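My notes follow, in the order I took them.

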Amino acid sequence: MIYQKVFYRLRLDGRSCARSSGYGNLTLFSDVRCDRGIMLVKMETQVLIIGAGITGVGLARDLALRGVDCIVVDRRDISAGASGANNGLLHSGARYVSNDPVSARECRDESRLLKTLAPNCIEDTGGLFVAVEGDDEAYVADFPMLCEQIGIPVQMLQPREVLDLEPVLTDKIIAAYRVEDAAVNPFRLSLETLTEAEAHGTKLLTHTEVTGFQRNGARIEIVHLRQNRSGREIRVTAEQVVNATGPWAGRVAALAGLSVPLVYSQGSLLVTQTRVTASVINRLRRPGDGDIISPGGTVSLVGTTSVELNSPDRSHPTTAEVDRLITEASVMAPVLADIRYVRAFAGVRPLIAGNKVNDGRSLSRGFTVIDHQEEGLNNFVTVTGGKLTTFRLMAEKAADLVCGRLGVNAPCRTRTRPLPSSEIHQWTEPGLAPRIWLRQNDPKEPLLCECEMVPASVVDQIINHLSVQGETLDLNSIGLRSRVGKGCCQGAFCGFRLSAHIYDRGDFKSDQGLVALQQFLERRWHGLRPILWGPQLAQEELQEALHCGMFGLELGPLP
Amino acid sequence: MTDAAAEKKADLVVIGAGLAGSAATAFAATRGIKTVQVGLTLGHTLFASGVLDLLGIHPLSPRNRWEDPWAGIAALINDQPEHPYAKAGLENIRKAWQSFLEILQRAGLRYCGWPGRNATLATCAGTLKTTYRVPQTMWPGVLGLNEKRAVLIIDFEGMKEFSGARIVETIGARWPGLRTQRLKFPCAFIGADRQNFFMAEALESSQVRSELAEAIAPFLQSAELIGMPAILGLQQPEEVTADLEQKLGASIFEIPTMPPSVPGLRLKEAIEKEAMRAGAVILHGMRATAVKSKGRRCVGVSIEAGQSRMEVEAGALILATGRFLGGGLAASRSGIRETLLDLPVHQPKQREDWHRASFLDPDGHPINRAGLEIDGSFRPLGRNGRIAYENLYAAGSLLAHQDWIRMKCGAGLAISTAFGAVQRFIEQR
């Protein structure tokens, strides 16, 4: 059960007067200063999960299926961090056989499970490992044996067979193996996972930030939250608190007086305008920059880099990373040297600073569940590190710990239970909206996003879903749940139409839609800036001429 | 001389079909110069709203808006001697502007504005735009905003970028007399989308106008003015508007739309009409592929369209090929080059410096100031810092040291540099 009680606090002539509805301890709020009329909300739950990335929502689903009440909060939105900024690769484990056998085994088992349990989120493309002239032949020679030791199936291919399968690859291939890699749609995986958690009672609060923990001895008694858009303060009483904030785990733990030493490793990727390969292509060498080309529906993703950052907030792809990715990846697929890129993006890997060495690539991609018992807290858990492929296992391990503390004996169900698929989340799938639109052949249905062919009815479905969930309506929230803004125009036209459409519905008031458009354009910009040359630069010039030259969106509020 | 021969020899060849190229062609032809214009595209004028900016903002940071654009230009010339406006000089900018408006007037396209003062109009984004001259069809909207008159804004199903509700919500606080009504456009097209040009063409039929007036009438109520997307006729906007006004008994004004822009098309056609009347030859859809030179002079241009190729002998050239969208500049990962003659391009040192971290950064992006360096006679400089050719001129957004998008000086820049280039060509001929 979640209890909600509302406290009103009004400040009159400098004297504060509090009125409560008779619940809770008023002294809790004695140090709270808030503006006139702002509501204070109090909530209770069994488990408060901080972070709505794939780890947080995966944990919520696991717990919810064991009958545990959860609230999930996120400073931004679901998939806002690394969960929405990765190469969408379901690893067979082959990539880690030489330097991280634990991760390799976990990937092997989890990728097989997910292919069975969440087929709607996965395109089972298969994968290739290819070595080209000049690559380390000792590594190439060891690879099949290492895979075999860990139980990861590989099949040797002749270079000629590889070119039949993937004609864009170089003819300088010296060795190739087929593996069980696949492509996963990370947005849909998160959304479907969350939806099942919500169906079992989980509550999600987005744009809600943790501002402090109120500690009493060995327990966190109350978690202080602030809703960033309304400024509303929330106090959550939770039996257990889980910190699932990925690269921000150290910062959240510090609010509770704890230390979680992390290394922030930025990985940047490029998005091509069209898909170049049918399957996942890995470079058969020690993991390095620009050695994976993975399919993302109608596009390909070229990744990744590994750049150590001082802060998880400062992640953005740089022109140097972009150049390095193109140089390296075009060794495998020469077409990548000249293809049109529509976007770059960066995610931050939260690597556990255990045996820290200077290279982010040599830290384990494994995950860690920290119980913080030794530091004197018995209801706070941090789960971080890990990979998209192993998110379910991370959630299971963290849920086992939390359930042990709660005295809940129900077993984990995510290992056997298929992930249900809901219609509303299918719009994250590239190429689906156009197929449905063409099939329906309804001439009255206008397309709001012409690059990705997203019709108004899909946007309406998403807006209605957001409003039922009590989510904030802005263009980024719609972009996260559909393909809007992900095509060539990168928001220049579709953002403009989307804002018009929401005004027409009466859902934007005053200048809300202008502000939302500005925020949407800025969000797209981070990914555009490092790939602006050739036709994409001409596209940008048109966008700037329209949005700034003609409409003056850079001038801020109306003069 | 036959038409075919007329196309093959010219005193002046203008390369580019945007506002700068078209203005240069008209300026030269009306001064009796045998001019050929070559342009690959319909000209990116079509992307413009049809309003004519002269100068809105200088400096960008700290931002200073100018009510009097001429005073702003004087300050800009003083502060930035590299800016193309400084190369043109205040007096020539005035002359250029005057000549340009006269050319439009002769073509029957009237522009309105306050003497020596920028005007403000509502855009379809729900923002207020400052500009110097607007088509007569938009002028009642400027006055209506100024006087806070009661306005009914009409928008249409299927015009996805034009939302009357957006305009009312965003500008309503400043202009309380705004209302909006969505109508079905009284003419059937295939598909759900309503394209600007088709609608504008349809409104040239008096029957369609009557049906539209009937549809609007019930919603007019106390409105003194009616605002509509800028689609009131392709060719004769003033007649289309007058007819609708007479049927409805209220003034009507156009609101700029997203591209393709009907007022942009009218503007381009008006300039071309006058240029051709003065004898200019305009070769639409032709791409200039190479320039022939002899020593330090250009002597001809190779042009092509599809499979057909031809050579035009040229006494002089004006390069008005625009930037990245227009094709005058091209960028690769390693740098920016000029596409036709490989002239040196003033540009930031490295790609990392091209754009700022925020798209809407008030300072504007450094790449916007990249472009061709010119001497005081609008002649591009070569690699040694001296003019590249004695008879090669450049005009428009291709020029370096300007940010027309952020300074709101696009039309003024195109027109005054076109005028300056033609003027220098005549003097130096």
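**Helix α1 of chain A and its partners**

I began with helix α1 (residues 54–65) of chain A and helix α5 (residues 186–199) of chain A, whose axes come within 8 Å and cross at roughly 30°. I note α1(A) as roughly parallel to α5(A), because angles under 35 degrees count that way. A reminder to myself that this is a predicted model. The handedness I found for the crossing of α1(A) and α5(A) is left-handed.

Next I listed who makes this contact. From α1(A) I wrote down Ile54(A), Val57(A), Gly58(A), Ala60(A), Arg61(A) and Ala64(A). From α5(A) come Pro186(A), Leu189(A), Ser190(A), Thr193(A), Leu194(A), Glu196(A) and Ala197(A). Sorted by class, the contact of α1(A) with α5(A) has eight nonpolar, three polar and two charged residues.

α1(A) packs with α8(A) at an angle of about 55°, and their axes are 8 Å apart. That angle makes α1(A) oblique to α8(A). I have the crossing of α1(A) and α8(A) down as right-handed.

On the α1(A) side of this contact I see Ile54(A), Thr55(A), Gly58(A), Leu59(A), Asp62(A) and Leu63(A). On the α8(A) side I see Phe391(A), Arg392(A), Met394(A), Ala395(A), Glu396(A), Ala398(A), Ala399(A) and Val402(A). The classes here come to nine nonpolar, two polar and three charged residues. Ile54(A) and Gly58(A) are on my list for α5(A) and also on my list for α8(A).

**A helix pair in chain B**

In chain B I looked up helix α2 (residues 19–30) and helix α13 (residues 410–428), which pack at an angle of about 40° with their axes 8 Å apart. So α2(B) goes into my notes as oblique to α13(B). The crossing of α2(B) and α13(B) is right-handed.

For α2(B), I noted Leu19(B), Ala20(B), Ala23(B), Ala24(B), Phe27(B) and Ala28(B) in the contact. They meet Ala411(B), Ala414(B), Ile415(B), Thr417(B), Ala418(B), Phe419(B), Ala421(B) and Val422(B) of α13(B).

**Domains of chain A**

The domain assignment gives chain A three entries: domain 1 (4–81 + 187–261 + 366–406), domain 2 (93–183 + 264–352) and domain 3 (423–555). I checked domain 2 against domain 3 and found their centres, taken over C-alpha atoms, 30 Å apart. In the contact, 17 residues of domain 2 of chain A meet 13 residues of domain 3 of chain A.

On the domain 2 side, α7 (319–332) and β20 (341–352) of chain A each supply at least two residues. The largest share of that side, five residues, comes from β20(A). By class, the domain 2 side divides into eight nonpolar, seven polar and two charged residues.

**Chain A against chain B**

How many residues does the contact take from each chain? I have 43 from chain A and 42 from chain B. On the chain A side, α7, α12 (494–505), α13 (512–528) and α14 (534–550) each supply at least two residues. The largest share of that side, eleven residues, comes from α14(A). The chain A side divides into 23 nonpolar, eight polar and twelve charged residues.

**Two single residues**

I finished with two spot checks. Ala250(B) lies in the loop between α10 (237–248) and β10 (251–255) of chain B. I count Ala250(B) as partly exposed, because there are 18 C-beta neighbours inside 10 Å. Leu225(B) is 25 residues away along the chain, yet its C-alpha atom and that of Ala250(B) are separated by 5.6 Å. Beyond four places in sequence, Ala250(B) touches Leu220(B), Ala223(B), Glu224(B), Leu225(B), Ile226(B) and Glu245(B).

Glu161(A) is found in helix α4 (residues 159–165) of chain A. Glu161(A) is also partly exposed, with 13 other C-beta atoms within 10 Å.

Key. Residues numbered from 1 in each chain as written. Chains lettered and ligands numbered in written order. Predicted model: local features only at pLDDT ≥ 70, side-chain atom pairs only at ≥ 80, totals over all residues. Axes fitted to C-alpha atoms, helices over the stretch in contact; angles between N-to-C directions. Helix = DSSP H or I, 4+ residues; strand = E, 2+ residues; numbered from the N terminus. Parallel < 35°, antiparallel > 145°, perpendicular 65-115°, else oblique. Left-handed = near helix turned anticlockwise from the far one by under 90°. Contact = placed C-beta atoms within 7 Å. Buried ≥ 20, exposed ≤ 12 C-beta atoms within 10 Å, placed from the backbone. Domains from an automatic or database assignment. Nonpolar A, V, L, I, M, F, W, Y, C, P; charged D, E, K, R; others polar.
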